[in-house]
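Please open the model in your viewer and have the selection tool ready. The tour moves from stop to stop, with something to select at each.

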Amino acid sequence: MALTPTTNRGPLELPSGARPTATPLGVFARPRASRGWRSWVTTVDHKKIGVMYGVAAMFFFIVGGVEALLIRLQLATPNGKLLSADLYNQVYTMHGTTMVFLVVMPIGSAFMNYLIPLQIGARDVAFPRLNAFGLWVFVAGGVMLNSSWLFGHAPDGGWFMYAPNSSIHFSPTNGIDFWNMGLILTGLASLTGAINLIVTCLNLRAPGMSLMKMPVFTWMSLVTQFLLLFAIPVLTSAQFLLMFDRLFGARFFDVDAGADPLLWEHLFWIFGHPEVYIMILPAFGVVSEIIPVFSRKPIFGYPFMVFSGIAIGFMGWGVWAHHMFASGIGPLSVAAFSVSTMFIAVPTGVKILNWLATMWGGKLRFTTPMLFAIGLVTMFTIGGLSGVTHAVAPADTQQTDTYYIVAHFHYVLFGGALMGFIGGFYFWWPKVFGYQLNDRIGKLNFWVILIGFNLTFGPMHILGMQGMPRRIYTYRDGYGFNFWNFVSTIGAFIIALAVVMFFANIVVSRRRARAAAKVLAADPWDGRSLEGMVPSPTPEHNFDEVPVITQFDDFWHRKYGEDDKGRPVRIAATADVVQTGDATDVHLPSPSYWPLVLAAGLPIVGYGLIYNLWLCLVGGLFVIAAIYGLTMEPSVDDEAPPAATTTGPRSATPARATPPPSPSGPTRRLRSLDRHHLHLHQHSGRRARAGARGDGGGRREPRARHQHRHLQREAGHVGVPGLGVPAVRWAHLHLPALQGEQPGWRPAPAGALRHPLHLHQLVRAADELAHHGAGGGGHRAGDSAKPGPGCSPPPPSAASSSPARCTSSRPS
Amino acid sequence: MLRRALSQGLRRVRPATSLAGLATAAVVLAGCGDVFDRHPQNTLHNTRGPEADFLANLINPVFAVAGVVFVLVLGGTLFVVLKFRARDDDDAEEIPRQIHGNMRLELGWTFLPALILLGVAIATVVGVFRLAEKPSEDALRVQVIGQQWWWEYRYDLDRDGAYDDVTTANDLVIPAGREVDLSITSRDVIHSFWAPRLNGKRDAVPNRDHPWRLEAERPGEYVGQCTEFCGLSHAEMRIKVIALTTGQFDRWADGQQEQARAFAADDTSLAGQGAALFNQQLCSSCHLIEGVNDDKVPNGVIKDRNLQMSRRAPNLTHFMSRTTFAGAKFDLRKDTPECRKLGVTWADDPDDLTRCLDRAALEAWLRNPPAEKAMAADPVPGKTGGRGMPNLNLDEAQIDQLIAYLTTLK
């Protein structure tokens, strides 16, 4: 074959044979910090990224909350004088925008980033550096948007930003430009995140975990990511049109030039309604995890839960014009959208009833997360039912743009999404931080939130029915609005109190946990999904050994089986089932500065577009440099200090029953040993174990080691934005040759390779290949790409010392 | 007394409102008379138009159904929570049966809500098309035009297709018991026309004419507000529909078609000086007074784009037949029972005029309009023209003269 001479070269390798340098621009040394702030800003670890999403979202939650309090103070009494009309319009615009784009969405991202890999048994997301980029560009967008306050004028057109009120004629300040730029950036974060998590869910599942064995949270997240994938581009396109209108004199929404302003309404709501489900579905997922655990029963009607989520996702695209029932779109459209809106209540109702059925016959433990979950079920029901009343389109001409709508969507987004997320915080806090939030404060917290929430938003139903319009900076005495507005303001401050309680709980619980210095169990709630298998807090490499899945709720079934009468009984102690977190030689991607640099360059371009185009050049240079750096930087940090040799406890066989290690123990050692290794999903953990059991499994014959590295570098490019294509090309060029060299190895079918979603198989195959190169075993990688239920072949180097892993610790 | 208050209060609370809302209501009724304020924009009670009645009757059963569903779900939750709670004396090792689902049950609660919703959907679709019915042949034709931040109404009395017979602002005067065929549009941004006790709302969108119907069952004044966010003074872009008897309406319509009284240039009466001031000042480059400055503001269109984004300002020809000014934010006619009784002819008799004119409000407005209502009256060069009435820095004598002149515009 003509291409054979290049067999050992990838597309990025230099003709001279020199290796690509680890500091491609000579600017940055590769980040090596494993602790301290540097390790956070350069991390590509999905868990740290998830935590940072959460922290950023909580920061913006406080910002948006203060804006909410300002709104409520202004409206506490008629003819409020706290805010001017101009300031009020900015505050309410920013409240809505912040809460939607910078709070609810990123809290969802926090949960999804942290949990999806854990729930599907993966070491990380599919594209770790893209993930880091997503986080930073989200932060950049949020900061850019909020910096409008400092630059004189925040956006003032409402979060829906209807044209032509958003045009330069009607909003001559720069506020709306900031809104545009900021949300284009956060949209970029959502979009890259969507691609990343979809690929993760589809390709990185543990062996045996078919789609219909995925936890409901992961399912709802997957649906959410598909919604984001298709919805965000619509918003971004609309914002580009608006940006060109405002900054470059285009006339897309210029009514004098004959524009129809309904164009913006349609574009915005085609994004905007799926957005509602983007915000609520992850919370539904969270609740679907919490309720089974504290009912000690599996989720009722799993397929119905999954398909109702998918149905909501699909139908969510056919209801957008219910935001426009009064906009004059004509009776036929109104009737169609009204009917479709009504029927989207069906899958939602199925979820509510299935949650109740899950609790039915269970043994309910009312922990804080459970209370919040039940809170969601009831409060969301109110929001859902008032939603049905809006779907009655003729009557909606009375309701729309009144406080009745404000009440409705706060019951959905606060009583639904936030309630679920706060429950999720309480539920997964131990897993993330290694200590539990105080349950008594938590319960009190729940009741205060519940009361404050209903006091704030319940009266808004009445106000709306009494004819109080939305988005008004003041109202008159004598319209009957006074009393309920005042109640609502009191409620808002009770919510604020509850938020303070939540933060206080974190502080108190953390202090107590430190004082007690107790190691938290891996599985404090007697959980059902895979994240219970790893220690708390989660070690950097997640799973010591990727579990093989045989059924839904696999982790629970490792602990419980059935006696001869079919009754569930415990068959294994939790300590015997969970992992210890002391794996070694696990491949993880190396940290990088470039995602941060790339994300920092983009808002500079944004500021440049608003103020001075020369700034765009500066920002553009950042972006180009970062893309270059990201592309040229190998995923593997070859220059990292050499791994310490296998000394100390690492060579000892880890005992299964040892208590979970403290966070500062083996985990940290692991970081220092293995951070130069590439993230590879599947076999590395098993190999690591084998290496730890048999002596010297970590040491390989030199040539094979070199080849392994080389393949890692190639395969690692799957994880680089935009480099999937070179990886595929490389595969086509080189795999046949490699196949010739390696008689025992068979590549995945050609069709699969051409499809980017199957790149993961390529990665796996390449990894496998490296090992066959070393051990010359006769096992076929093609088989391992599709593991049979409950069993996968043993790694070659361990074949003699370890039997098939899949049979160990399995009940049945 | 308390019982009446309670039942009255509870009737105001819709079934769909949360139980917590109900509980709060109960707590609150203990002493706050404020709950029983009149609600001039109520959408569900004391509706006064056939369309609004229809909408209330359509939604009330839906509220009831929603309320029943909510009570069932909440009751179900409470039942489950109480019955299946883990008890202290439970055997911790005893695991409940692992039930994964029940196909029949799940299909049941997929299709049962779908059936309920089907019923609601049928009523809805019927309602949608009823609301979109064409108005009757003899309906009064009025064009409603929104702009920042006031409403203009133009009447087509002779039914020639052109809305050019009467032009007024702020108050939409209609005959009671007769259908009104509205054509709603806007001159700048999107607004929404809403008089809740007569009908639902319909957006006013530039470049589009939206048909809408309105009918008041009996004479009276019905207030509303713009309900699509339209910028600074969205909260004070108010609507007042005044329904008159047919006879009153005809007289009103005749009066509106007359031209304004002209003053000689050398008239030294206070009103005459005011007329001269009106023509000298910026007033006359924006506000049309028919028979006075038709040449400066042809067809009411402002020549200089910078003066007004929407290129219109309220037509003042019959200013004193209105009850409000400045986008219906302020009362021109004092809002007292005896003045209200005088209706749209409150300014015809000099005594009534003196008694009922809210002179303080008008003076304050002329002194500094942007301080009275949030507006962006100053143009931003290169970006936008003015929106709203600028401060003309009038002195007190000029204000007196102008008010004297304005009171002649009946």
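This is a predicted model: local features need pLDDT of at least 70, side-chain atom pairs count only at pLDDT 80 or more; totals for chains, interfaces and linings use all residues.

**Stop 1: the domains of chain A.** Select residues 40-258 of chain A for domain 1, then 530-577 of chain A for domain 2. Taken over C-alpha atoms, the centres of domain 1 and domain 2 of chain A are 36 Å apart. Where they touch, domain 1 of chain A contributes 13 residues and domain 2 of chain A contributes 15 residues.

Which helix gives the most to the domain 1 side of this contact in chain A? Select α3 (residues 85-120) of chain A: this helix supplies 4 residues there. Coloured by class, the side of domain 1 of chain A that touches domain 2 of chain A shows 6 nonpolar, 3 polar and 4 charged residues.

**Stop 2: chain B against chain A.** Show both chains and select the residues in contact: 91 from chain B and 91 from chain A. On the chain B side, pick out α2 (19-28), α3 (50-83), α4 (103-131) and β7 (202-204), each of which supplies at least two residues. The side of chain B that touches chain A is made up of 48 nonpolar, 26 polar and 17 charged residues.

**Stop 3: the nonpolar core.** In soluble globular proteins, nonpolar side chains tend to be buried together. The largest nonpolar core here has 318 residues. Select A57(A), V104(A), V137(A) and V241(B), the residues with the most contacts inside this core. Then select α3(A), which provides the largest share of the core, 21 residues.

Now centre on A57(A). Leaving aside residues up to four places away in sequence, A57(A) touches L102(A), V103(A), P106(A), I107(A) and A110(A).

**Stop 4: a sheet in chain B.** Select β3, β2, β1, β5 and β8 of chain B; in that order they form an open sheet of 5 strands with mixed pairing. Why is one side of β3 (166-169) and of β8 (210-214) of chain B left without a neighbour in the sheet? Both β3 and β8 of chain B stand at the edges and each has a single partner strand, so one side of each has no neighbour in the sheet. Viewed along the sheet, the twist averages 25° from one strand to the next.

Finish on β1 (residues 140-147) and β2 (residues 150-156) of chain B, which run antiparallel and are joined by 7 bridges. To see one bridge pair, select I145(B) and its partner in β2(B), E152(B).

Definitions and conventions: Residues are numbered from 1 along each chain as its sequence is written. Chains are lettered from A and ligands numbered from 1 in the order in which they are written. Domain bounds come from an automatic or database domain assignment. Two residues are in contact if their C-beta atoms, placed from the backbone, lie within 7 Å. Ala, Val, Leu, Ile, Met, Phe, Trp, Tyr, Cys and Pro count as nonpolar, Asp, Glu, Lys and Arg as charged, and the others, Gly among them, as polar. A nonpolar core is a set of buried Ala, Val, Leu, Ile, Met, Phe, Trp, Tyr and Cys residues joined through C-beta atoms within 7 Å. A residue is buried if 20 or more other C-beta atoms lie within 10 Å of its own, exposed if 12 or fewer, and partly exposed in between; C-beta atoms are placed from the backbone. Two strands pair if DSSP finds at least two bridges between them. Axes are lines fitted to C-alpha atoms, for helices over the stretch in contact, and angles run from 0 to 180 degrees between N-to-C directions.
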